[in-house]
Amino acid sequence: MPPPHSPDAPTLAELRRLTDSVGTGAGPDAAPTLPFGVAGLDAALPGGGLALGALHQIHEGGPRGRYAATAVLFAGGILARLDGPVLWCLHSRDLFAPALARVGLHPDRVVYCETWRDTEVLPAMEEGLRHRGLAGVVGELTRMTLTPSRRLQLAAEGSGVTALVVHRLCAGEAAEPEPSAARTRWRVAPAPSDGMSRRMGRPRWRLELQRSRGGAPGAWIVEACDAQGRLAVPASLANRPAAPERVQRRAAR
Amino acid sequence: MAQDGARRVLAGVDAAARRFGLYPGMSAAHAQALVPGLHLVPAAPEADAAGLERLGLWCQRYAPIVATDPPDGLLIDITGAAHLFGGEAPLLADISARLERTGIAARLALADTPGCAWGLARFGEGGIVPPGGAAQVLAPLPVAALRLGSEAQRALQDVGLTRIGGLTDKPRAALRLRFGAEVLFRLDRALGYEPEPLAALVAPESPRVALRFAEPVGARETLERVVTDLCARLVPELERRGLGARRLDLIFARVDRLDQAIRIGTARPSRDAAHLTRLLAERLALVDPGFGIEEAVLCASRVEPLAEHQETHLASHLAAGPQALDLAALIDTLLVRLGAARVYRLAPVESDLPERAVRRVPALAAPLGVVWPTDLPRPARLLAPPEPVTAMAEIPDAPPLFFVWRNTRHRIARADGPERILGEWWVTDAEADLTRDYYRVETEAGERFWLFRDGPMQANGRWWLHGLGEA
């Protein structure tokens, strides 16, 4: 959440009032949510999970952030646990579909469209969000300003389709995120897996909830999506005393 | 073979006959003397014309405006239609491949003007002329490539003007005075200074509706209303015949007879007026009304029976919610906006090479139910082509200790491999000795990469980075 002296604070407050009154008429808690199955994570989100029919932004942290390789897997894992087709608006040719299948997103469910520029991604996403029955719409964007984010959020609320924006920023750009109407903003980065072994285990991510409307920000170390798109709590961290940052302590499943 | 007075002459020859030195206009007796056992068929100009028209109607699969150019040519106005086939070159390749399969010899040319394409197809090599390149391409062609009458041709040849390039730099007034208006008129048409409307063929059986305007119209809002009106009129016609539109051609007849056409395709047969209106309205921005539009014709140039489709739709509709119908509408909108080649699903290919593991299928193809092998971890981003890295391993077959990519050094904490992938020699010979040893590595920061070495270390195998992230 931006500090109160930020010039955008009145805009955001106005927007919040606006978006909350649109759609079902009830508050965000009444909307359906998708739990992650990681207790601390779900507790931080209003409604006990990721709000469906809303816009969520996913940034990738780390020096290779502009490839957003972890962020697309996080997005794929979320969509894998929803029903229905997915519209994926591509930014470049480097997405490797077999990896999405490995986090549980079946290739039969995904329709790709080659919208190379942001100016094509945004209308395509909005078009997708107006069609009920989709599980979600993913757009790979380099930049999203307030107005497009507001349009996407309103379209998502209207149809109940979840919108995920995967940011493909240059390394320097990620520092100051722009204001947006998104329900949550995530920052995903790879984290070292279990320190003991030289063998490759399940990958780990540092998942940071940077902004969550109606919820608290936080950060967690989680094990990457499995073949059903589920995250998990690392076994070695599950019984550790509380770390300085909010690290999840109990396995959900 | 045709009758020319008392003489029997050859009306046309095929490629084999041309090799024997036969040519149209030769007397039949002469030809038979040259080639004993020559197979002669009586000429049937009416049947030829009908055949050409049928071929022209078939060519409407490429673009709405197709005109015949008797006796043996077709002109297709592909303005605004090439993107449906992935561009101009794939469009030409598709036409020539299909014609060849049916045994029709053709030379294709694509240019800014019908005149330029005509000349290039008949007197040049065919091919694609870049926009604005007509003058340059036409320059070396004989003047006959301008579609001149024999008199004008002879007049030009008499003064030694045999190439078109020789005409373009002459003063126009002098040309007109000496050779008449025809030469300049044809030259201007070929170069695009003079418009050339095409008289579009219309298939008699395709459902069509037309609106004529008392006053020429041109405003965008008016055109949108026209589209709505036409769709509303076309739908009952489709309903009556039990058809759904797969392709709609909307032709605006301008006052200067330079017709403007837009074409939309749908992924499933449809006769939903609102949906079709929306698809057409998407492309209205491409229409240049010029000085006004007198007539609008909407034609369902490709139709499919719809009655059964609707029932199956209903069943899936009840079973799976509203998604089936909605998805088709979404896909249509995206197809119209982005072009057919840019909306697709991906399906697995049984290939070990990661570059070849994926193929495109139509967005609304039936579910295939197959996935890639689930036991092989794969990167989320695949670099194409792989980027060379400097890597260092302790012992020949061990995973590397570190690698340098784009001036950044990555120390490897964990690694797994090798997974050996061999080239598919049955696909190309070049891959006969392709061997890649893939390693999944995790750096100390936890980033995962997919590296490979393109040969054994003893044989100076180099290291490449092929992917980032891992699932």
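In this predicted model, His59(A) stands opposite Arg187(A), a residue of strand β8(A).

What joins β8(A) to strand β9 of chain A? Eight bridges do, and these strands run antiparallel. Here Arg187(A) stands opposite Glu208(A) in β9(A). Strands of a sheet pair through backbone hydrogen bonds, either parallel or antiparallel.

Let us now consider burial. Eight of the eight residues of β8(A), residues 184-191, are buried, so the strand is largely enclosed by the rest of the structure. In a regular strand the side chains alternate between the two faces of the sheet. Both faces of β8(A) are covered: one side holds Thr184(A), Trp186(A), Val188(A) and Pro190(A), the other Arg185(A), Arg187(A), Ala189(A) and Ala191(A), all of them buried.

I turn next to chain B, and to helix α10, residues 181-191. Its buried residues are Val183(B), Arg186(B), Leu187(B) and Ala190(B). Seen down the axis of α10(B), they fall within an arc of 100 degrees, and therefore line one face of the helix. An α-helix has 3.6 residues a turn, so residues three or four places apart point the same way. The buried residues of α10(B) pack against α5, α6, α7, α8 and α9 of chain B. After α10(B) comes Gly192(B), with a positive phi near 90 degrees.

Finally, chain B contains a closed barrel of six strands, β13-β14-β15-β16-β17-β18, with antiparallel pairing. From one strand to the next, the twist averages 45 degrees. Within chain B, eight bridges join β15 to β16, and Asp416(B) stands opposite Arg440(B) in β16(B).

Note on methods:
Residues are numbered from 1 along each chain as its sequence is written. Chains are lettered from A and ligands numbered from 1 in the order in which they are written. This is a predicted model: local features need pLDDT of at least 70, side-chain atom pairs count only at pLDDT 80 or more; totals for chains, interfaces and linings use all residues. A residue is buried if 20 or more other C-beta atoms lie within 10 Å of its own, exposed if 12 or fewer, and partly exposed in between; C-beta atoms are placed from the backbone. Helices (H or I, at least four residues) and strands (E, at least two) are DSSP runs, numbered from the N terminus. The arc is that of the directions from the helix axis to the C-beta atoms. Two residues are in contact if their C-beta atoms, placed from the backbone, lie within 7 Å. Two strands pair if DSSP finds at least two bridges between them. Axes are lines fitted to C-alpha atoms, for helices over the stretch in contact, and angles run from 0 to 180 degrees between N-to-C directions.
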